[in-house]
Amino acid sequence: PVLWACDDGYHGALDGQTWQYTADSSPRVFLLVQERADGTLVVFDESYACMTLSEAHIERVQALGYAEPEFAVVDSAAAELRGRLQSIGIGTYGKPQSIDESIKVTRRFLAPDANGLRRVLVHPRCVHLRYELASYRNDDKGQPIDMVNHGPDALRYLAWKLRLS
C-alpha cells in the first residue's frame with residue numbers, strides 16, 4: 001500500500017538558481033511512501049508546492065497515477081488539509097506531540113542498524129527531500145532550526161506513526 005506523509009504550508013518560492021525552495025519558504029509537502037515487509041520505508045515520489053490551494057495540490061498528487069493511499073499522516077494543525085483528505089475518503093493521522101521524541105524515532109529510522117541497513121530509502125527523484133535532509137541543522141542550543149525542513153517533518157510524522165510496527 002501507498003502511504004502519504006504531509007506537512008502543510010503555503011507561502012514561498014523556488015530559487016531560480018538552485019531549484020530548491022528558499023529558506024523562508026513553507027511549501028506544502030506530500031511524500032509518497034511504501035513500507036516493505038521488513039519495515040523499510042521507501043519514499044518513491046514527492047510533491048512540493050507553494051501558493052497552491054490544498055484541493056488543487058491533492059489533485060496534482062492523485063494525477064501522478066499511483067494507488068490511493070491507505071492513510072495520510074498530516075500536521076495536526078492542518079485542519080483544512082485533513083478535512084479535504086477525509087472528504088475524499090483518505091483517513092488521516094495527526095503528528096506527534098513531542099518534536100524531540102519524534103526526531104529520535106526518525107533518526108533511528110535513518111541510521112544504519114546493527115546489520116548496516118537503513119529503515120528509510122529515498123528515491124533520487126525526491127530532490128527536495130534529499131536536499132532538505134542534507135540541510136537539516138540544529139542551532140547552538142541543540143534545537144532544530146525551523147527552516148528547510150518540511151519534507152523531514154512529514155517523514156518524522158510518518159516514522160512516529162509507524163514506530164511500533
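**Figure 1. The cavity of the predicted model.** On a 1 Å grid over the protein atoms alone, a cavity is a set of points where a 1.4 Å probe fits but cannot get out. Grid points are joined across faces, edges and corners, and a volume is the space filled by probe spheres set on the points. This is a predicted model, in which local features need pLDDT of at least 70, side-chain atom pairs count only at pLDDT 80 or more, and totals for chains, interfaces and linings use all residues. Residues are numbered from 1 along each chain as its sequence is written, and side-chain values use heavy atoms, with hydrogens and water left out. One cavity of 30 Å³ or more turns up in a search of the whole structure. The largest cavity holds about 60 Å³ of space. Its lining residues (an atom within 4 Å of a point) are Q20, Y21, T22, A23, S25, P27, Y48, H128, Y131, E132, V148 and H150. Helix α4 (residues 127-135) provides the largest share of this lining, three residues. Six lining residues of the largest cavity are nonpolar, five polar and one charged. Here Ala, Val, Leu, Ile, Met, Phe, Trp, Tyr, Cys and Pro count as nonpolar, Asp, Glu, Lys and Arg as charged, and the others, Gly among them, as polar.

**Figure 2. The largest pocket.** A pocket is an open set of points with protein on both sides within 12 Å along at least five of seven lines. The largest pocket has a volume of about 230 Å³. Its lining has 15 residues; I99, D146, N149, D153 and R156 lie nearest the centre. Both α3 and α5 supply at least two lining residues each. Helix α5 gives the most, four residues. The lining of the largest pocket comprises seven charged, five nonpolar and three polar residues.

**Figure 3. Helix α3 against helix α5.** Axes are lines fitted to C-alpha atoms, for helices over the stretch in contact, and angles run from 0 to 180 degrees between N-to-C directions. Helices α3 (residues 99-110) and α5 (residues 150-162) pack at about 85°, their axes 8 Å apart. That makes α3 roughly perpendicular to α5 (65 to 115 degrees). In contact (heavy atoms within 4.5 Å) are I99, E101, S102, I103, V105, T106, F109 and L110 of α3 with L155, R156, A159, W160 and L162 of α5. These residues divide into nine nonpolar, two polar and two charged.

**Figure 4. Helix α4 against helix α5.** The axes of α4 and α5 cross at roughly 90° and come within 7 Å. Helix α4 is therefore roughly perpendicular to α5. L129, E132 and L133 of α4 meet H150, G151 and P152 of α5. Three of the residues in the contact of α4 with α5 are nonpolar, two polar and one charged.

**Figure 5. The elements of the chain.** The chain has five helices and six strands. Helices (H or I, at least four residues) and strands (E, at least two) are DSSP runs, numbered from the N terminus. From the N terminus on, their order is β-β-β-α-β-α-β-α-β-α-α. The C-alpha atoms fill a box of roughly 45 × 35 × 30 Å along the principal axes.

Key. Parallel < 35°, antiparallel > 145°, perpendicular 65-115°, else oblique.
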